[in-house]
Structures are given as C-alpha cells and as structure tokens.
Amino acid sequence: MGIPRVLNIYENYPFWFTFFTELKFRVELSARSSKKLYSLGIETIPSESVCYPAKLSHGHIMNLIKRGIKFIF
C-alpha cells in the first residue's frame, strides 16, 4: 500500500497507517519532497498552468510506481 506524502498526509497519516496495517497491508510512504521528485512527475501533467502542489503530487505518485508499489491510496 503506497501513500503519497501530499496535502494533509501529516495530519491523517497516523489514522491511515493504523487502518491499513490492521488490515494486514504493508504501508510505504513516497520519498520526501525535493526538486528531483518534482521533476519525476512533471511529464505526467497535461497542463503547464497546474499549481506547484499538484505538480509535486504527481512526483510522489511516480516515486511509488517506480518503487514497484501496486496499490496507491
């Protein structure tokens, strides 16, 4: 189970980690935000006018995909 470190994850992560762990999922977070992570997802965005947090979110998702995570929450 991959969880991208985006939006309000810091507030809600303890709940979701406990929830999915109790259901016997192994929970993994995407890497910390960085310029490299931002660049990783930039090719998946169809519009240049999307805000920075949205562009960064794509990088977090791509990070999980490249690590072989099959299910992303």
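Me: Why does F20 count as buried?
Reply: This is a predicted model, and in it F20 has a relative accessibility of 6%. Buried means under 20%, so F20 counts as buried.

Me: And F19, why is that one called partly exposed?
Reply: F19 has a relative accessible area of 38%.

Me: What makes the pair of F19 and F20 edge-to-face?
Reply: The ring centres are 5.1 Å apart, and pairing needs them within 6.5 Å. The planes sit at 75°, and over 60 counts as edge-to-face, so that's the name for F19 and F20.

Me: Why are Y13 and F17 called tilted, then?
Reply: Their centres lie 5.7 Å apart, within the 6.5 Å limit, so they pair.

Me: Which aromatic cluster do we have?
Reply: One cluster is formed by F15, W16, F19, F20, F25, F71 and F73. There's also a nonpolar surface patch of about 620 Å², made by F15, F19, L23, F25, F71 and F73.

Me: How do you know that the span of α3 is close to the one expected?
Reply: Helix α3 has 15 residues and reaches 21 Å from its first C-alpha to its last, against 21 Å expected at 1.5 Å a residue. Its buried residues pack against β1, β2 and α2.

Notes. Residues are numbered from 1 along each chain as its sequence is written. This is a predicted model: local features need pLDDT of at least 70, side-chain atom pairs count only at pLDDT 80 or more; totals for chains, interfaces and linings use all residues. Side-chain values use heavy atoms; hydrogens and water are left out. Patches are made of residues with over 30% relative accessible area and no salt bridge: like charges are joined within 9 Å, nonpolar side chains (Val, Leu, Ile, Met, Phe, Trp, Tyr) within 5 Å. Accessible areas come from the Shrake-Rupley method with a 1.4 Å probe; for residues, only the protein chains shown count as cover. A salt bridge is a side-chain nitrogen of Lys or Arg within 4 Å of a carboxyl oxygen of Asp or Glu. Helices (H or I, at least four residues) and strands (E, at least two) are DSSP runs, numbered from the N terminus. The expected span of a helix is 1.5 Å times one less than its number of residues. Contact means heavy atoms within 4.5 Å. Rings of Phe, Tyr and Trp (its six-membered ring) pair if their centres lie within 6.5 Å; planes under 30 degrees apart count as stacked, over 60 as edge-to-face and the rest as tilted. Buried means under 20% relative accessible area, exposed over 50%, partly exposed in between (1.4 Å probe, protein chains only).
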